2 protein chains.
Amino acid sequence: MRPRFAFELSATDGRARTGTIRMQRGDIRTPAFMPVGTAATVKAMKPEAVRAGGADIILGNTYHLMLRPGAERIDRLGGLHQFMNWDRPILTDSGGYQVMSLSDLNKLTEEGVEFRSHIDGSKHMLTPERSMEIQRLLGSDIVMAFDECPRADRPRDEIAASMEMSMRWAKRSREAFDTGGEHASRAALFGIQQGALDEQLRRASADALIDIGFDGYAVGGLAVGEGQEAMFGVLDYAPGQLPTDRPRYLMGVGKPDDLVGAVERGIDMFDCVLPTRSGRNGQAFTWNGPLNLRNARFAEDDGPLDARCDCPTCTTYSRAYLHHLQKSGEMLGAMLTTEHNLAFYQSLMQAMRDAIGQGTFDAFANAFRGDYLRP
Amino acid sequence: MRPRFAFELSATDGRARTGTIRMQRGDIRTPAFMPVGTAATVKAMKPEAVRAGGADIILGNTYHLMLRPGAERIDRLGGLHQFMNWDRPILTDSGGYQVMSLSDLNKLTEEGVEFRSHIDGSKHMLTPERSMEIQRLLGSDIVMAFDECPRADRPRDEIAASMEMSMRWAKRSREAFDTGGEHASRAALFGIQQGALDEQLRRASADALIDIGFDGYAVGGLAVGEGQEAMFGVLDYAPGQLPTDRPRYLMGVGKPDDLVGAVERGIDMFDCVLPTRSGRNGQAFTWNGPLNLRNARFAEDDGPLDARCDCPTCTTYSRAYLHHLQKSGEMLGAMLTTEHNLAFYQSLMQAMRDAIGQGTFDAFANAFRGDYLRP
């Protein structure tokens with residue numbers, strides 16, 4: 001019988017780790033990249049192609065799904081997995097980040113966040129308890145605690161107060177999750193560390209979360225505009241503040257070189273809209289750096305997007321064709337570029353897992369940066 | 001060795017016919033529906049899915065491709081088949097219809113049409129000779145003669161003069177095509193009958209085309225707003241004016257019930273943007289008539305789009321999910337609905353081919369209309 005949640009580390013190399021998370025709906029190889037399926041779809045992709053690209057788990061967004069089509073409706077339709085035809089694990093965020101960044105007229109209190117939908121202006125309330133309920137209705141496999149994510153450039157006392165409230169919300173999330181009956185017996189709950197760029201606040205947040213106890217721990221509040229150097233600065237210590245035997249998830253990250261630098265610092269899980277959003281905009285990621293397919297220099301380039309990639313896009317189509325599709329605004333351009341970008345991200349994760357297993361992560365990371373950042 | 005072009009009729013039932021067109025790049029089962037790949041892509045579809053849906057041949061648009069990415073560019077990149085990854089037959093239209101309907105400031109003379117691109121305003125000239133050259137550069141398998149298509153409600157003398165010019169253009173097209181060297185030895189050329197709704201003009205046009213001699217004959221100038229009754233009125237006599245032993249192609253048609261009525265009247269080939277365009281707009285075709293997936297009544301409908309359809313969309317997803325995707329403006333909604341619509345069109349063609357082969361076309365057509373028009 002498959003476990004509810006088990007994290008088995010198979011190798012470490014410096015601070016980098018590789019292993020497997022075992023859950024009821026399948027294994028997740030770590031370090032893992034989770035494609036983002038905001039509105040019950042990884043944009044421009046069929047789920048079988050997401051899986052074929054190498055994804056073990058995808059992410060769904062509580063904020064978007066609670067507004068459209070609604071958590072109760074998805075529950076009545078058999079849950080998010082059946083609704084969108086993805087039978088492997090799904091991690092859902094808590095809605096805390098997006099309710100503050102996307103909604104209108106939000107009002108933050110100790111109880112939670114009152115807000116108006118960005119879609120139709122309807123009024124909603126999101127609390128730790130409601131977030132847990134929504135994630136249960138969706139049938140989430142990895143549930144995220146409800147938190148608040150302040151801007152990293154706010155005064156320290158604001159960051160501290162926000163973090164402390166997020167820790168009280170984490171405890172309420174834990175208690176609400178644990179009353180979820182059958183769902184709690186097969187799903188996992190992750191806590192989210194806050195504290196912005198302050199090592200002491202990060203320490204206090206980690207200790208509070210550990211005291212509550214979670215299946216995994218996210219490093220939250222990064223990738224919000226602080227820049228890679230500041231982010232890596234936090235990652236130099238934050239993962240070490242969290243339990244070694246639990247997965248560490250860096251939320252909302254990132255660019256390929258962000259992923260490599262974060263794995264180097266002990267991160268196990270990532271999610272980001274970058275490969276999918278970029279695919280729709282004509283930006284492609286390759287082992288030799290990103291490129292903009294709309295650039296006129298690709299108009300007669302009959303070579304593959306990335307000669308080192310074996311995804312369907314790279315083995316079938318030319319850069320000239322992808323350029324034409326992107327310039328013409330054709331959906332197939334978004335479809336093929338997204339498929340490549342996701343395959344590239346998953347290949348990068350696999351290459352990191354292999355390098356960690358072989359004890360050659362430093363060499364891999366340096367070679368990657370040489371090709372990717374200075375092609 | 002495969003023939004350049006052979007049309008083998010295997011059965012007739014009343015005026016309806018079924019058979020096979022054999023060409024260098026593959027067989028085309030008739031009656032055939034050709035998905036439209038305007039800009040070197042059947043919108044929102046991968047070519048392998050177009051094929052899996054049952055298409056033997058697709059259509060490409062001379063007007064769009066000459067403007068972007070350009071015929072000479074496609075030639076340098078190995079031709080349209082390689083460019084877009086479709087190795088079966090492609091029929092290209094002549095550009096005559098679209099240059100008049102889509103371009104700006106077009107000027108029509110005996111020589112051809114001078115016009116400005118609707119994309120960038122650049123100036124171009126399309127003549128029978130240039131149209132043949134472009135279709136050769138694209139590597140078209142079935143080349144259409146260059147013609148003019150006037151509105152059916154113009155005075156008879158205008159319709160007659162236009163038809164007569166189109167017949168002179170058909171002769172110039174034939175002569176230009178025949179100088180195409182290697183391409184002419186493996187491609188086919190179709191003439192296009194004009195004459196709007198006038199039986200005598202249609203007769204004169206057919207006779208002129210037969211005198212020139214073509215591999216197949218299109219009925220042009222219909223599906224331009226005259227309505228189904230008027231169209232069927234022309235189809236009651238026009239196919240009989242064309243050679244029995246050559247394919248008859250009704251351009252730009254149509255709705256499912258148009259196809260059934262046209263096959264009933266002796267048509268062998270069709271193309272139309274309806275299944276693809278409708279798919280992007282949330283309109284789905286089913287054996288029980290069309291439906292609008294954006295309608296709120298589908299929000300919690302967990303049944304398949306069409307219970308009689310075995311396409312990937314119908315066997316995998318619910319109407320509720322498709323409704324959600326269409327309401328959310330998600331590309332996957334366009335992808336899945338287009339895939340179904342094309343599969344439905346091809347299933348309809350297969351059902352007609354089967355019924356003709358079994359001598360039961362009348363019963364099939366009546367049953368179809370009963371389910372489709374009065375569900």
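Here are a few friendly notes on the domains and helices of this predicted model.

1. Residues count from 1 along each chain as its sequence is written, while chains are lettered from A and ligands numbered from 1 in the order in which they are written. As this is a predicted model, local features need pLDDT of at least 70 and side-chain atom pairs count only at pLDDT 80 or more, but totals for chains, interfaces and linings use all residues.

2. Start with the domains: chain A is assigned domain 1 (5-272) and domain 2 (279-373), with bounds from an automatic or database domain assignment. Their centres, taken over C-alpha atoms, are 27 Å apart.

3. Next, the place where they meet. In domain 1 of chain A, 26 residues are in contact with 27 residues of domain 2 of chain A (contact: C-beta atoms, placed from the backbone, within 7 Å). Helix 11 of chain A gives the most to the domain 1 side, with six residues (helices are DSSP runs of H or I, at least four residues, numbered from the N terminus).

4. Now look at helix 7 (residues 156-178) and helix 8 (residues 199-212) of chain A, whose axes lie 10 Å apart at an angle of about 10 degrees. That makes the two helices of chain A roughly parallel (angles under 35 degrees, between N-to-C directions on a scale from 0 to 180 degrees, with axes fitted to C-alpha atoms over the stretch in contact). Among the residues making this contact are Met163(A) and Leu209(A).

5. Finally, helix 6 (residues 128-138) of chain A is mostly covered, with nine of its 11 residues buried (20 or more other C-beta atoms within 10 Å of the residue's own, all placed from the backbone). Just after this helix, Gly139(A) has a positive phi of about 85 degrees.

Key
A residue is buried if 20 or more other C-beta atoms lie within 10 Å of its own, exposed if 12 or fewer, and partly exposed in between; C-beta atoms are placed from the backbone. Two residues are in contact if their C-beta atoms, placed from the backbone, lie within 7 Å. Angles under 35 degrees count as roughly parallel, over 145 as roughly antiparallel, 65 to 115 as roughly perpendicular and the rest as oblique.
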